[in-house]
Amino acid sequence: MRKANKTTDTGVTPDNALFNPDADEKYLFEQYKLYVEMTDRISQRRATSNTFYVTANAALVTVASWFKDDFGKYIYLVSGIGVIMALFWFFSIRSYKQLNTGKFAVIHEIERRLPLNLYSYEWDKLGKGKSYKTYWPLSHIEGLFPFIFIALYVALSLFAYFNF
């Protein structure tokens with residue numbers, strides 16, 4: 001492992017909580033592995049959260065279809081619940097994105113003290129997510145789904161308004 005610099009260009013200094021000049025270097029890689037594993041668990045929780053919201057929205061649309069005889073009476077309630085749920089979903093995606101951004105910033109910092117900066121190198125190779133031709137971050141794609149459901153609920157409400 002490389003010898004740690006006293007200061008990095010990202011502001012990590014002996015005064016920062018991340019930098020511990022007295023720490024034994026042999027523990028650095030173990031901490032790094034643990035932190036990467038925890039970051040992966042956040043990504044797994046994010047996927048589980050998305051599965052929950054897709055399932056809940058699909059169930060809500062299914063419930064709406066049960067009221068086909070009284071469609072006009074219940075569709076506004078179902079649509080209102082659906083829009084609120086989709087907004088919660090959107091903010092959940094945004095929160096996970098922010099959390100992952102912070103976690104990967106820490107991983108990049110730790111990698112500066114390791115022989116290979118694999119995550120940093122990969123991110124550079126992917127153009128840092130700035131070009132959809134090179135790499136389109138998943139958070140951009142998954143962020144569309146709540147709005148697709150919102151559009152569906154609005155369309156159902158408009159259909160009910162103009163037909164009942």
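Predicted model: local features only at pLDDT ≥ 70, side-chain atom pairs only at ≥ 80, totals over all residues.
Start with the overall layout. The protein chain has five helices and zero strands. Along the sequence, the pattern reads α-α-α-α-α. The chain has 164 residues, and 29% of them count as buried. The accessible surface of the chain comes to about 11200 Å². Carbon and sulfur atoms hold 64% of that surface.

Next, the aromatic rings. The structure holds 10 aromatic pairs. One involves Phe-90 and Phe-91, with ring centres 5.3 Å apart. Their planes meet at 70°, and angles over 60 degrees count as edge-to-face, so this pair is edge-to-face. How exposed are these two residues? Phe-90 has 23% relative accessibility, so it counts as partly exposed. Phe-91 has 44% and also counts as partly exposed.

Phe-90 has a further partner. It pairs with Phe-147, again edge-to-face. Here the distance is 5.0 Å centre to centre, with 65° between the planes. This pair links distant parts of the chain. Phe-90 sits in helix α2, which covers residues 71-111. Phe-147 sits in helix α5, which covers residues 144-163. Phe-147 has a relative accessible area of 41%, so Phe-147 is partly exposed.

Ring pairs also build a cluster. Its members are Phe-52, Tyr-53, Trp-89, Phe-149 and Tyr-153.

Now turn to the surface. Tyr-132, Trp-136, Leu-138, Ile-141, Leu-144, Phe-145 and Ile-148 form a nonpolar patch there. Together they have about 730 Å² of accessible area. Which elements give two or more residues to the patch? They are α4, residues 138-142, and α5. Helix α5 supplies the largest share, with three residues.

Where does Tyr-132 lie? Tyr-132 is in the loop between α3, residues 118-125, and α4. Is Tyr-132 buried or exposed? Its relative accessibility is 60%, and the cut-off for exposed is over 50%, so Tyr-132 counts as exposed.

Terms used. Residues numbered from 1 in each chain as written. Heavy atoms only, no water. Phe/Tyr/Trp six-rings, centres within 6.5 Å; stacked < 30°, edge-to-face > 60°. Buried < 20%, exposed > 50% of the residue type's maximum accessible area, 1.4 Å probe, protein only. Helix = DSSP H or I, 4+ residues; strand = E, 2+ residues; numbered from the N terminus. Areas by Shrake-Rupley, 256 points an atom, 1.4 Å probe, with all protein chains shown as cover. Patch = residues over 30% accessible without salt bridge, like charges linked within 9 Å, V, L, I, M, F, W, Y side chains within 5 Å. Salt bridge = Lys/Arg side-chain N within 4 Å of Asp/Glu carboxyl O.
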